[in-house]
Amino acid sequence: MNADLERLIRLQRLDGEIARKSALLETELPREIEKLRAAFQSAADALKNHDTQMTSLAKRRRELEMEADAAREGIKKSKQKLNEVKTNVEYRAILKESETQETRIRELEDQQLEVMEAAETRATDRAALDKASKEEEARYQKEKVEREKAMAQLKEALDALKKDRATVTVEVSPGVLAIYEKVSRQRNGVGITPVADRSCAACHQLIPPQLYYQIRTTEEIHQSPDAAGQGTL
Ligand SMILES: [Zn+2]
């Protein structure tokens, strides 16, 4: 076989493997780690959000209790004043004030009940949110370590592949290599490709009969008929 052709085929295999591993190392694995981190973050945020709501419910409950206590105190004072009043008008005014306070106390007690019920309902959610957050964190930490290990291995493999590539490229005729590199850059990493079913396996264009005959009968490297000049063997 044409020596350059044989080396270009090896070079193309190496380039394909380098591209595949580089994509894993630089894009896919970091993206997976980020996705796991985001899932953990979201679970942690849900728990934090829950706790913030619980704190705010507890605060609201204390406010309602304080207001109710103040109203009860007010009623007590009104009752003491009743013993000292001189006129009916004054008496009725104090009674009216006490009634208003009592109505307010009932309202406050209803609100306290609502707040307590809301807190009780949420309290059962917390355990589930806490569990989910811890699980996501453990999953993130574990899988991050695994992926980082895989990335370190990929980096080593890539270094070896690049060394192999350098060894192969010095053996290819400079003119042939230059065309391969140019076509590879223009055609998404494909510098050389076989003929399959009378077509270029990369761009799928049908090879004209005359060219097809040359490809089958000689060991020369030809360029694919597509405009950008796909390399074809
Ligand atoms: Zn082509």
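1. In this predicted model, the largest nonpolar core holds 20 residues, and within that set Leu 8 and Leu 11 are the ones that touch the most other members. Three helices, α1 (3-82), α2 (88-169) and α3 (174-186), each supply at least two residues of the core, with the largest share, 10 residues, coming from α1. The core also draws at least three residues from each of domain 1 (3-172) and domain 2 (173-233).

2. Leu 8 deserves a separate look: leaving aside residues up to four places away in sequence, Leu 8 touches Val 172, Val 176, Tyr 180, Ile 192 and Ile 221.

3. Turning to the metal site, the zinc ion has as its protein donors the SG atoms of Cys 200 and Cys 203 together with the OG atom of Ser 224, which lie 2.1 to 2.2 Å from the ion. Along the sequence these donor residues follow the spacing C-x2-C-x20-S. Cys 203 sits in the loop between β2 (199-200) and α4 (209-217), whereas Ser 224 sits in the loop between β3 (222-223) and β4 (231-232), so this pair ties together parts that are 21 residues apart in sequence.

4. Are Cys 203 and Ser 224 buried or partly exposed? Cys 203 is partly exposed, because its relative accessible area is 22%, and buried would require a value under 20%. Ser 224, by contrast, counts as buried, with a relative accessibility of 5%.

Methods. Residues numbered from 1 in each chain as written. Predicted model: local features only at pLDDT ≥ 70, side-chain atom pairs only at ≥ 80, totals over all residues. Heavy atoms only, no water. Core = buried A, V, L, I, M, F, W, Y, C linked by side-chain atoms within 4.5 Å. Buried < 20%, exposed > 50% of the residue type's maximum accessible area, 1.4 Å probe, protein only. Helix = DSSP H or I, 4+ residues; strand = E, 2+ residues; numbered from the N terminus. Domains from an automatic or database assignment. Contact = heavy atoms within 4.5 Å. Donors = N, O, S within 2.8 Å, 3.2 Å for Na, K, Ca; no water.
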